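Trainee: I'd like to learn how to read a fold from a model. Could you walk me through one?

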Amino acid sequence: MSAPATADRGFAIERMFDAPVERVFRLWTDPLLVAQWWGVRDCTIPLCQLDVRVGGRWRIDMLTASGALYRNQGSYLEVVENVRLSYRDEPDPEIREWAGKPPGQSRHTVSFTASGARTHVHFEVTLASAADRERLLALGMRGGWMQSFDRLEQLINKGAYHAG
């Protein structure tokens, strides 16, 4: 059996969270909640706009502790409540790390599976090319997402399921 054609263009992260699937899904779709966990350690989210529907746009601005601003945006490709989110990520061409050559668009798919009172999350990123994968991994993309997942877990452990 051969590996999928996208294996050289992507990576995946899996995590089990101590919260029901409905709560974990809400933590991915409510902008007030997403702003509390999304991004690398010690960052803030000055802007989080999510129009969670197929074709809806999203934008999340991440401000790092060092003062660098990263604008993230794209559109939703699939939304199945409490089951799956899939969205396109459109790299900001102004980010200095791109040195004038931003990567292509990527697809991020988040699957939510109930396991009693817990939720298994499978997060998969498929980049435009194998070269983009290598470049973004070298820049720390997977590590950044791992930090986001750690922050999400901390929020869940605090019992913070409600915005405001």
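Trainee: How many residues lie between β2 and β3 in their hairpin, and which residue in the turn has a positive phi?

Mentor: First, the ground rules. This is a predicted model, where local features need pLDDT of at least 70 and side-chain atom pairs count only at pLDDT 80 or more, while totals for chains, interfaces and linings use all residues. Residues are numbered from 1 along each chain as its sequence is written, and side-chain values use heavy atoms, with hydrogens and water left out. Helices (H or I, at least four residues) and strands (E, at least two) are DSSP runs numbered from the N terminus, and two strands pair if DSSP finds at least two bridges between them. Here, six residues sit between β2 and β3, and G55 in the turn has a positive phi of about 90 degrees. The two strands are antiparallel, with five bridges; C48 has I60 of β3 as its bridge partner.

Trainee: In what order do the strands of the sheet come?

Mentor: Read across the open sheet and you get β1-β7-β6-β5-β4-β3-β2, seven strands with antiparallel pairing. β1 (10-17) and β2 (44-50) are the edge strands, each pairing on one side only. On average, neighbouring strands are turned by 20 degrees against each other, direction ignored; axes are lines fitted to C-alpha atoms, for helices over the stretch in contact, and angles between N-to-C directions run from 0 to 180 degrees.

Trainee: Which helix lies across β6, and at about what angle?

Mentor: That's α1 (residues 21-29), running at about 155 degrees to β6 (106-115). Helix α1 also lies across β1, β2, β4, β5 and β7.

Trainee: Is L85 buried or exposed?

Mentor: Buried means under 20% relative accessible area, exposed over 50%, partly exposed in between (1.4 Å probe, protein chains only). L85, a residue of β5, has a relative accessible area of 1%, so it is buried. Contact means heavy atoms within 4.5 Å, and the contacts of L85 beyond four places in sequence include F25, W28, Y76 and F112.

Trainee: Which residues have the most contacts inside the largest nonpolar core?

Mentor: In soluble globular proteins, nonpolar side chains tend to be buried together. A nonpolar core is a set of buried Ala, Val, Leu, Ile, Met, Phe, Trp, Tyr and Cys residues joined through side-chain atoms within 4.5 Å. In this model the largest one has 40 residues, and W28, W37, F112, F123 and W145 have the most contacts inside it. Helix α4 (residues 141-157) gives the largest share, six residues.

Trainee: Where do the buried residues of α4 fall, seen down its axis?

Mentor: Among the buried ones are M141, W145, F149 and L152. The buried residues of α4 fall within an arc of 160 degrees (taken from the directions from the helix axis to the C-beta atoms), so they line one face of the helix.

Trainee: And what does G39 touch?

Mentor: Leaving aside neighbours within four places in sequence, G39 contacts M62, G144, Q147, S148 and R151. G39 sits in the loop between α2 (31-37) and β2, and counts as buried at 3% relative accessibility.
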